[in-house]
There are 2 protein chains.
Amino acid sequence: MSETFYVVPEDKHNALMEAAYLHRGFDAEESACGARFAAYATRHGVRTHNGLKALHLDHLFGSGSHGCVPSAKMEKVESRFAACEVWNANRKLGQAVAYAAIERCIELADKYGVGTVSVDNAFHYLWGGGYVMDAAKRGYIAYTNCTAALAEVVPFMGKFPTLGTNPHSWGFPTTEAIGYPIVIDWATSVIAMGRVQQLLREGVQLPPNAAVDENGQPTTDPAKAKYLLPFGGHKGYGLSLINEIVAGFIGGSTPTVRSRWSDDGDKHAPCFFFQVIHPDALSAGAFAGGKTQSANVKHVLADILGHGNEKCLLPGQIEAQAAARSEKNGGLLFSANEIAAFNEVAAECGQPAWSAAEFKVAQ
Amino acid sequence: MSETFYVVPEDKHNALMEAAYLHRGFDAEESACGARFAAYATRHGVRTHNGLKALHLDHLFGSGSHGCVPSAKMEKVESRFAACEVWNANRKLGQAVAYAAIERCIELADKYGVGTVSVDNAFHYLWGGGYVMDAAKRGYIAYTNCTAALAEVVPFMGKFPTLGTNPHSWGFPTTEAIGYPIVIDWATSVIAMGRVQQLLREGVQLPPNAAVDENGQPTTDPAKAKYLLPFGGHKGYGLSLINEIVAGFIGGSTPTVRSRWSDDGDKHAPCFFFQVIHPDALSAGAFAGGKTQSANVKHVLADILGHGNEKCLLPGQIEAQAAARSEKNGGLLFSANEIAAFNEVAAECGQPAWSAAEFKVAQ
């Protein structure tokens with residue numbers, strides 16, 4: 001039997017999320033961004049990065065620690081380059097920074113074909129896929145990477161975790177072609193540390209080559225797993241390195257002390273990199289059979305998923321199905337456990353509790 | 001015992017390569033580009049993409065087929081975007097196109113911070129890592145992807161090969177920091193089809209999840225392996241899709257008929273995408289302890305490869321070691337078998353044969 005979900009009106013969800021952020025000292029705009037992004041994640045079925053996770057991360061690494069400074073003001077760094085901006089986020093809430101950065105990249109891409117925004121002194125933006133999905137729905141090719149909060153991943157052939165789970169996220173404007181944007185979005189570890197803990201609770205073995213024990217030896221025992229491994233051996237290792245190197249060029253420092261704050265003169269915050277390309281800036285304008293660009297992309301994808309591959313999924317398809325279900329139900333879908341957790345949030349910020357009984361059950 | 005290599009003077013190698021290209025109808029500039037790139041690959045120990053491979057591919061898919069048109073003229077497509085160009089390569093030799101595209105990207109990056117060149121109607125550029133390595137040695141962050149010649153890779157959860165081995169190549173200007181550029185460069189399949197054939201000859205099993213049989217079932221038997229799989233499951237599948245989607249936006253068509261020429265009104269050529277970013281365009285200028293950008297990147301890499309990870313390699317390190325060996329020996333290193341194969345090339349274009357005896361043995 002599938003899990004029961006309750007339909008929480010988005011307004012109600014957003015009001016609680018905004019109150020929670022305001023209570024922690026964030027300003028109105030930051031709180032609105034945090035609420036909007038939490039709704040976006042839930043609408044697309046990304047339960048690992050919903051509002052509860054956002055507030056939990058903010059507590060652990062953000063305003064509850066030294067990682068995030070509510071109401072911080074971002075500064076634009078002087079640059080001689082027209083299509084590239086660099087911002088010092090001063091540890092402002094990641095969602096507010098990411099929304100603004102993608103917006104600026106879109107303006108730059110409209111003007112120059114491509115635009116980048118690099119962000120120093122950043123705080124966790126939660127789910128990179130959300131920002132590039134949003135840009136892709138608006139018709140743009142978008143990319144982001146960031147250095148993850150903690151060094152949990154062991155380099156290929158190494159023993160000790162010195163890399164973050166360093167995700168990459170690409171979004172492509174394929175809504176006209178196939179009904180939704182293709183969003184390729186994942187961490188460069190095989191699995192997340194949260195997944196290791198979940199499998200430990202469930203008494204299930206890890207997949208092979210996902211984790212190592214305290215001596216750097218591969219293990220599938222979740223009780224012995226201490227550090228993560230990159231996916232795909234040296235290839236995933238290279239992808240994880242990209243985020244560290246890009247951050248190193250921006251202004252990020254020592255990976256192993258990231259998010260581990262002290263007055264040691266080092267820098268401890270992650271970095272973000274964003275890029276948007278206008279699809280017209282790629283087009284040679286000569287598609288087979290006189291097709292439009294979108295029709296051509298549709299044709300390419302149909303060939304890839306033809307020939308017996310009809311059961312394959314495209315990245316972003318599951319999220320699009322979740323969004324359709326949310327829309328059909330007219331709200332955001334949460335489990336009873338999630339609603340109970342939102343009531344802890346409500347208690348923290350003095351808002352009225354929710355009751356599963358007040359919400360209709362999702363179809 | 002390690003293999004014996006002979007030191008071929010680069011001038012001698014390049015003269016033969018140029019003669020071979022000229023004999024096939026390529027113009028002087030194309031021939032010089034082809035020779036230069038072959039030398040570059042060999043100098044860096046990239047034996048899978050040396051001059052012999054270049055000429056073999058040209059025979060199979062290039063000027064010996066319909067894939068490459070010697071002395072073709074490229075056309076720049078009109079674009080309203082200052083930082084992005086689009087070229088119709090008209091199936092000109094890939095190496096000549098790629099060198100010119102990276103050069104133009106560098107000019108654009110110098111001006112705008114970032115520049116892209118997208119190429120329609122392309123022919124195989126051999127080894128993407130070489131172009132981004134060259135740009136990185138000159139101080140730039142460079143990236144390229146392309147659609148590979150043939151659809152040999154089965155999508156994740158699929159049965160039939162509809163994707164190319166679609167490589168990605170990133171180069172970072174880390175020479176000042178660590179002595180060589182970091183170059184992350186690989187195909188999105190676990191292994192190449194050439195490797196399957198090599199393991200078949202050697203009677204060695206394939207790694208798991210690298211290939212499937214004719215029914216789409218995973219196999220480690222090289223005799224049964226018919227199609228390849230992406231590395232890292234859905235993650236490598238997503239990376240392979242990126243190249244097909246980008247090509248679809250540029251002007252590429254049906255993946256399964258790529259390089260399979262017919263008068264069917266479809267387009268059959270691969271596409272290239274190039275991007276260069278000036279490292280100053282990422283810099284927030286505030287590195288911990290007042291370090292320079294390069295010193296900061298060096299510090300980040302030292303942390304990653306510290307803590308017991310001292311035996312890990314950085315991508316590009318093996319190629320840098322090969323280049324140092326080539327330099328020490330004062331030429332390009334080839335095995336006796338490779339020299340014999342060059343003599344087939346010499347016979348084809350009426351040049352004098354080489355003899356291993358005329359070359360000194362490499363240290």
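## A salt bridge within chain A

Let's start with one pair of side chains in this predicted model. A:Asp58 and A:Arg24 form a salt bridge, and their closest N and O atoms lie 2.8 Å apart.

Over all chains, the count comes to 32 salt bridges.

## The fold of chain A

Taken along the principal axes, the box filled by the C-alpha atoms of chain A is roughly 60 × 50 × 45 Å.

## Two copies around an axis

Now bring chain B into view. A rotation of 180°, with 0.0 Å of shift along its axis, superposes chain A on chain B with an RMSD of 0.0 Å. The two copies are therefore related as by a two-fold rotation axis. To find the axis from chain A, look for A:Gly232: its C-alpha is the one nearest the axis, at 2.4 Å.

The copies meet through the same surface, because 100% of the interface residues of chain A are also interface residues in chain B.

## Where the chains meet

How many residues does the contact take from each chain? It takes 92 residues from chain A and 92 residues from chain B. Together the chains bury about 7000 Å² between them, and 68% of that area is on carbon and sulfur atoms. Three residues, A:Lys235, A:Phe249 and A:Leu282, supply 12% of the area that chain A buries against chain B, more than any other three residues.

Polar links are present here too: 35 residue pairs are in polar contact between chain A and chain B. Several elements give two or more residues to the side of chain A that touches chain B, among them strand 3 (84–88), helix 4 (94–112), helix 8 (234–250) and helix 9 (293–304) of chain A. Helix 8 of chain A gives the most, with 14 residues. By residue type, this side of chain A divides into 51 nonpolar, 29 polar and 12 charged residues.

Two salt bridges are found across the interface of chain A and chain B. One example is A:Asp280 with B:Arg80, whose closest N and O atoms are 3.0 Å apart.

Methods
Residues are numbered from 1 along each chain as its sequence is written. Chains are lettered from A and ligands numbered from 1 in the order in which they are written. This is a predicted model: local features need pLDDT of at least 70, side-chain atom pairs count only at pLDDT 80 or more; totals for chains, interfaces and linings use all residues. Side-chain values use heavy atoms; hydrogens and water are left out. Contact means heavy atoms within 4.5 Å. Buried area is the accessible area (1.4 Å probe) that two parts lose on being put together, summed over both. A salt bridge is a side-chain nitrogen of Lys or Arg within 4 Å of a carboxyl oxygen of Asp or Glu. A polar contact is a pair of N or O atoms within 3.5 Å; within protein, one must be able to donate a hydrogen and the other to accept it, and residues adjacent in sequence count only if both atoms are side-chain atoms. Helices (H or I, at least four residues) and strands (E, at least two) are DSSP runs, numbered from the N terminus. Ala, Val, Leu, Ile, Met, Phe, Trp, Tyr, Cys and Pro count as nonpolar, Asp, Glu, Lys and Arg as charged, and the others, Gly among them, as polar. Copies are superposed by least squares on the C-alpha atoms of residues with pLDDT of at least 70 in both.
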